[in-house]
Amino acid sequence: MKRTKFLALIGLSAALFLSILSGCSGGAKSGGNAASSPSAAGSSASGPADPLAEHMDISVSWWGIGVGFEPRDEVLQKLENDFNVTFKPVDIGWDNYKEKSQVWAAAGQLPDIITHSITSDTPAIYNEWVSQQLIHALPDDMSAYPNLSKVFEIEGVESIRRDGKLYAIPRMTFPTDRMWAVWAVDGAVYVRKDWMEKLGIEDPQSFDEFKAMLKAFVEQDPDGNSKNDTQGIVMNTFGYFKNVFSATFPEFGNKGWLKEDGKWIPFYASSKMDEVLRQARALYKEKALDPDFAVAKAGERNQQFYQNKAGALALTTNGVFGASGVKAEWEKNNPGLNFYDHVKILHPWADENGVKYRNVNSPWWSESMINAEVDDKKLDRILRIYDWLLSSEGKELFDYGIEGKDYTKNADGTYTITRPMDGDQFIDLKKYYPSMDIISQLAAWRNAAILEDNEANRAAFGDDSVEFVKNELKWMEDNTQPIPTAFEIYTMSTPAKDKLSTINFDDDFTRVILGNDDPVEMWKTVLKGYESKGLNQAIEEVTAEMAKFNK
């Protein structure tokens with residue numbers, strides 16, 4: 001959608017939003033590409049002796065930033081003092097951030113730092129913002145920001161360059177040095193190992209054995225209460241459930257594209273979908289799958305597992321952590337019992353070639369962009385902040401809090417945590433410092449932080465939980481291969497591929513699972529509908545683009 005259409009469609013909405021934009025910058029200028037010149041931000045390190053001498057106000061959008069920054073806690077104050085800035089929060093919500101940003105873009109009122117997800121979700125809009133010079137090109141030379149520059153070396157980032165320049169800072173999900181390994185524990189199936197032992201069930205080595213196990217949980221009274229009240233597998237969300245089919249069709253697990261018959265096609269157009277459809281239908285019809293999965297809200301059916309009404313739960317390995325983690329919720333419903341004595345993670349079985357696959361996904365979701373109105377000095381300041389957020393010093397703050405108050409560092413490099421206790425655990429830093437939840441994720445999601453074996457996690461979550469996750473991660477690294485993934489396609493924008501974003505695969509797939517006709521024939525009908533939305537043209541365009549990468 002072009003900017004003129006923005007104005008025509010939402011001019012009135014823009015006027016209504018202007019009252020909340022006091023912290024935002026003015027309209028975009030034509031100088032958005034200035035950062036690529038030698039005089040731009042990357043060269044500022046050779047300028048004034050103190051590049052932080054001038055105080056700056058920096059407006060920044062983030063989900064719930066108004067509430068998070070309102071207390072102006074010590075973490076926020078430290079960042080502002082260290083970089084001589086005052087952050088002006090610009091609130092967005094998970095339900096409206098896309099619409100708000102469109103209004104601001106149309107009105108020329110984007111904040112200095114724009115939080116969005118257009119490189120991941122709607123690359124066509126990213127293209128428009130670049131062409132309309134709404135967002136600032138980043139410096140060609142990022143050597144002045146060594147931590148930040150590593151982000152741009154990750155596989156897949158090249159695909160968000162436009163005319164050779166980058167206009168967004170991807171918000172990485174996991175650290176750049178361990179990204180592909182850590183994704184391995186993002187998806188998992190928790191299973192009641194005590195139920196398996198009672199019923200004499202070994203770890204499944206095929207889909208048929210997996211289905212048989214789930215049916216046994218439903219039919220053979222594993223909880224011993226002489227009632228027909230247990231289920232097979234429940235899911236937190238459909239996204240986690242897809243990992244069940246990794247041996248049948250790996251790319252189904254992360255909605256990837258794959259090359260078949262010389263062309264790059266989206267997973268749902270692959271012939272490998274046929275067996276996935278048959279297996280999913282069988283799970284549902286034979287009552288191995290939660291009968292209410294299609295209408296349940298995200299996380300709602302987890303309680304069936306916690307309350308001993310389901311034998312398996314599709315979620316994530318790191319769900320054992322935190323106050324709402326699987327372990328905590330399960331033990332709350334089973335007082336006096338140890339989670340690890342009764343529950344384990346079911347490891348994937350091998351495909352027909354003997355390969356076991358682990359989850360892997362796009363390196364990032366969402367990004368930070370910088371308003372084209374920002375001058376070179378402010379651009380440099382913002383990039384310095386982001387570089388620090390990705391540094392070891394930043395990580396130490398996010399892991400342990402403020403030195404001298406929340407922890408002390410010992411001569412041998414270990415840490416002693418000194419912050420207050422909340423029951424039998426140390427208080428959550430994000431509760432102690434509300435801004436931490438935002439600042440710690442502004443440059444990267446830091447999903448791997450709770451997976452690390454360090455004093456902070458052992459103090460917060462206990463030795464057993466840390467060992468559990470560490471062992472699962474090692475097993476995955478030692479015994480599985482990552483799902484083959486063409487990362488370039490995630491952020492690729494072509495005219496026909498962009499239109500495919502209107503496809504709602506999950507709903508279509510669910511409808512087929514619930515249906516009574518042959519699932520493969522039903523899916524052929526679904527694909528005809530996709531073809532009317534430009535599927536075949538998208539395949540041709542993506543194949544041509546991938547040829548440029550020699551793939």
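Student: How many aromatic pairs does the structure hold?

Tutor: This is a predicted model, and it holds 42 aromatic pairs. Phe321 and Phe461 form one that is tilted, with 4.6 Å centre to centre and 45° between the planes.

Student: Which parts does that pair tie together?

Tutor: Phe321 lies in the loop between S9 and H13, and Phe461 is in helix H19, so the pair ties together parts 140 residues apart in sequence. Phe321 counts as buried, because its relative accessibility is 7% and buried means under 20%.

Student: Is the pair of Trp365 and Trp445 stacked or tilted?

Tutor: Planes under 30 degrees apart count as stacked. For Trp365 and Trp445 the angle is 25°, with 6.1 Å centre to centre, so the pair is stacked. Trp365 belongs to strand S12 and Trp445 to the loop between H18 and H19, 80 residues apart.

Student: Are these two residues buried or exposed?

Tutor: Trp365 is partly exposed at 27% relative accessible area, whereas Trp445 is buried at 13%. The charged end of Arg171 also sits over the ring of Trp445, 5.7 Å from its centre.

Student: What does Ser435 touch?

Tutor: Ser435 is in the loop between helix H17 and helix H18, and is buried with a relative accessible area of 0%. Leaving aside residues up to four places away in sequence, Ser435 touches Gly68, Phe69, Asp73, Val75 and Leu76.

Student: Where is the pLDDT below 50?

Tutor: The mean pLDDT of the protein chain is 88, and 90% of its residues reach 70 or more. Over residues 1–45, however, the pLDDT is below 50. Where pLDDT is low, predicted coordinates should not be read in detail.

How values were computed:
Residues numbered from 1 in each chain as written. Predicted model: local features only at pLDDT ≥ 70, side-chain atom pairs only at ≥ 80, totals over all residues. Heavy atoms only, no water. Helix = DSSP H or I, 4+ residues; strand = E, 2+ residues; numbered from the N terminus. Buried < 20%, exposed > 50% of the residue type's maximum accessible area, 1.4 Å probe, protein only. Contact = heavy atoms within 4.5 Å. pLDDT = per-residue confidence, 0-100. Phe/Tyr/Trp six-rings, centres within 6.5 Å; stacked < 30°, edge-to-face > 60°. Lys NZ or Arg CZ within 6 Å of the ring centre and 35° of its normal.
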